[in-house]
Amino acid sequence: MGTRQISKKLTLVCLACFLTDTAPLRAGASAGLRNSFHVSAVVIADHPVDRFIPSRSIGAGVDGHERGECAQMFSPRNIAEMRSAGLGPLTYRLRTELAGEVWHWNPRGTWSDAVHQCGYWTSDDSIAEPINLSYGYRLPRRGNTIDQANDDGYSRIADGDEDSFWKSNPYLDSHFTGDSDNAHPQWVVIDLGAAKSVNSIRIRWGTPYAQRYRIEYWTGDDPMHLHTDEKDDWRLFPKGEVNDGSGREENIRLCDKASSVRFIRVLLNRSAGTSAQPSNNIRDRVGFAIREIGIGRIDSNGRLHDYVQHTADRHKQTTVYVSSTDPWHRAEDIDYNIEQPGVDFILRNELTNHLPVLLPAGVLYDTPANAVAEIKYLLRRGYALEGIELGEEPDGQWVSPEDYAALYTGIARGLSALSSRLKLGGPSLQNFEEQLLTWPDASGNRSWMNRFLNYVHAARCRFDFFSFEFYPFDDICSDAAPQLLEIPKRLGAMMASLRTDGVPTDIPWLMAEYGYSVFTGRHEVDIEGALFNADTVGTFLTLGGSKAYQYGYEPNYLADELKCSWGNLMMLQLNPNSEQLNRLSGYYGAQVITKEWMQPTNEVHDVFSVSIKQPRSGSSLPISVYAVHRPDKQWALLAINKHPKRSARLAVQFKFSDIQPPMNFAGPVEVIQFSRQQYTWHDDGPNGHPIRNLPPARFTTKAASFYELPPYSLTVLRGQLPD
């Protein structure tokens, strides 16, 4: 990842040991004592590494869903079952933002062109009937082929319809940002799918068109998914610079000799500032618009052999990426396939546990006026707000850090004028490995987060909290055992990278979503899901995180996105033939954390680092241990055995100083365990379900020299030390 420094705090915290030899035992071998391994945990008890209040720090998220699902998921019976997991604060996720849609958070509102029911929408901020359901609206000027929600839209740049067009976001123009005219160049990237022999491009412009632009090609493998060890960049075609664009259709010979390229970028620098129809609205005249792009090779007869597939089908058209999209839309663009639970429905619901809620505001595909109206409405209702998360996953939607920062700043200033008590932050970063990178700026800086922060700080804009998501495993089809070993290392490296990139450590860090994978699979509903969640929460808190929100709070059905196994990010399973819910491993794992490891109270818990030791050096062991000192004066250890077939004998000591002998538990020790003895998943395609579905086992034992951890298990050891 280039230069990365682990902070001093991280070097003091030994989170876990990792197994390098996970070869399965011979067939029929017992997982009993003769197959167990020994490990010792030393709690560094002289000082806590963090402090938190469980009821305010361990929560869950609710999201938008497909048509008709919200009413089914949020029934009173289901809500009571969700709350029984013990999770505290709530975050409201914005699925419309991931879909590239405008959010009509209130179905009542006004259009900028009221006569034709189109233009730029602002929801009504006055108090009327409670809002129980809301929808997103598709953008007819969409540029991206791919989106992060239902992924059923398409780009207007390659749809084959010359009456449609993509247009960039007008709010990135200097008229709105106050930046210099060239501070936010816009771009279009075309992925031909494979290297092709290219010497020409054809651009059919909309209005406003670009007067100055460049056509470039990528020197490496993939400009949309960057890695630290790759130094590739965009290079200008020999004849790819245009300084006097005239609009309409332009055919440009890029080079005399065709080049083998896959990715082509059109970098747009100066707009003509025109509109298709006479308009007094500045938003119609700023930015850039393109109807269609063709890329290929001109033959000896002057005919372009176009490699771009032009069709209104996301899965058949050539993939297009754009820098931004105009939020202009029409009443007819409502998308009933994506529904958001209404803000009033959620904020009046017992799911909030009467705690402040982390709320979103649309940024990438919305307007500042609509976002400000939303928060004004919530304040008028008197709802308790944990913070306002501006946008969702801008990095995963290929937005440049400066563009997102400009949109963030414009909305943040409007929200700050409403109330100085509002906490503003974001950006709910997607999971990444090593370092979050973007194309280098003029100084060579490739850090997405560092450049975002630089812009926000230069604008003297508030940034009160930082949020990110953790979904580390895209390969949901592989064996879970080696993946589980990577959890502390991956999350620790991710947080260390963000600190190195300049994310302040004196503001709250929120893990706004976490889950095994962004894709559905068996690991999420089998015992591995509970192990993952516990390890993630333990790591996050030990590294100084403030709040963690588990994704998959709502009951749901199984799915098979990658065609390899059925599962889902959920802790409760809906039954198609009854109202009875199946409690899944994620549900019991949440209870182990919130009701057993932690004391279910509003009082402060202290977190201590744990050092793992083993009798023999060499191979690591699949054990994570996390320690808290509770308000009831008990010490509680959360021990996770990630070996699928071998039990572990865990010895426990507490070290208060170098001159004082370590202490052991004294008197009775409560043991709470959740393993395959309590939970077994039956894999039966869409009909999969747990066939053993028991709550965690509980017993009391005398303080001992070691404690047995079954294979694939969560164990809480809870007791006191000698006086």
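## The disulfide and the cysteines

Cys-564 counts as partly exposed because its relative accessibility is 35%, where buried means under 20% relative accessible area, exposed over 50% and partly exposed in between, with a 1.4 Å probe and protein chains only. The model is a predicted one, in which local features need pLDDT of at least 70 and side-chain atom pairs count only at pLDDT 80 or more, while totals for chains, interfaces and linings use all residues. Residues are numbered from 1 along each chain as its sequence is written, and side-chain values use heavy atoms, with hydrogens and water left out.

Cys-564 is joined to Cys-477 by a disulfide, with an S to S distance of 2.1 Å; a disulfide here is a pair of cysteine sulfur atoms within 2.5 Å. The pair links distant parts of the chain, 87 residues apart, with Cys-477 in the loop between β25 (465–470) and α11 (480–484) and Cys-564 in the loop between β27 (547–550) and β28 (572–575). Helices (H or I, at least four residues) and strands (E, at least two) are DSSP runs, numbered from the N terminus. The link of Cys-477 and Cys-564 is left-handed, with -85° about the S-S bond, and the structure holds one disulfide. Cys-477 is partly exposed, at a relative accessible area of 43%, whereas Cys-70 is buried at 5% and Cys-118 is buried at 9%.

## Two buried residues in loops

Arg-93 lies in the loop between β5 (90–92) and α5 (95–98), and because its relative accessibility is 0%, Arg-93 counts as buried. The side chain of Arg-93 makes a polar contact with the side chain of Thr-91 at 2.9 Å; such a contact is a pair of N or O atoms within 3.5 Å, and within protein one must be able to donate a hydrogen and the other to accept it, while residues adjacent in sequence count only if both atoms are side-chain atoms. Leaving aside neighbours within four places in sequence, Arg-93 is in contact (heavy atoms within 4.5 Å) with residues including Asp-63, Glu-389, Glu-392, Glu-469, Glu-513 and Tyr-551.

His-184 is found in the loop between α6 (174–177) and β11 (186–198), and at 8% relative accessibility it counts as buried. Not counting residues up to four places away in sequence, His-184 touches Leu-172, Thr-177, Asp-179, Glu-402, Asp-403, Ala-406 and Tyr-455.

## An enclosed helix

Helix α14 (residues 585–597) is largely enclosed by the rest of the structure, because twelve of its 13 residues are buried. Among them are Tyr-587, Tyr-588, Gln-591, Glu-596 and Trp-597.

## A partly exposed loop residue

Gln-309, in the loop between β18 (304–306) and β19 (319–322), counts as partly exposed at 46% relative accessibility. Leaving aside neighbours within four places in sequence, Gln-309 is in contact with Ala-158, Lys-316, Gln-317 and Thr-318. Gln-309 and Ile-295 are 14 residues apart in sequence, and their C-alpha atoms are 9.9 Å apart in space.

## The second largest pocket

The second largest pocket is lined by 19 residues, of which Arg-141, Gln-277, Ser-279, Asp-284 and Trp-328 lie nearest its centre. A pocket is an open set of points, on a 1 Å grid over the protein atoms alone, where a 1.4 Å probe fits, with protein on both sides within 12 Å along at least five of seven lines, and lining residues have an atom within 4 Å of a point. The elements that give two or more residues to this lining are β7 (109–113) and β8 (118–123), and β8 provides the largest share, three residues.
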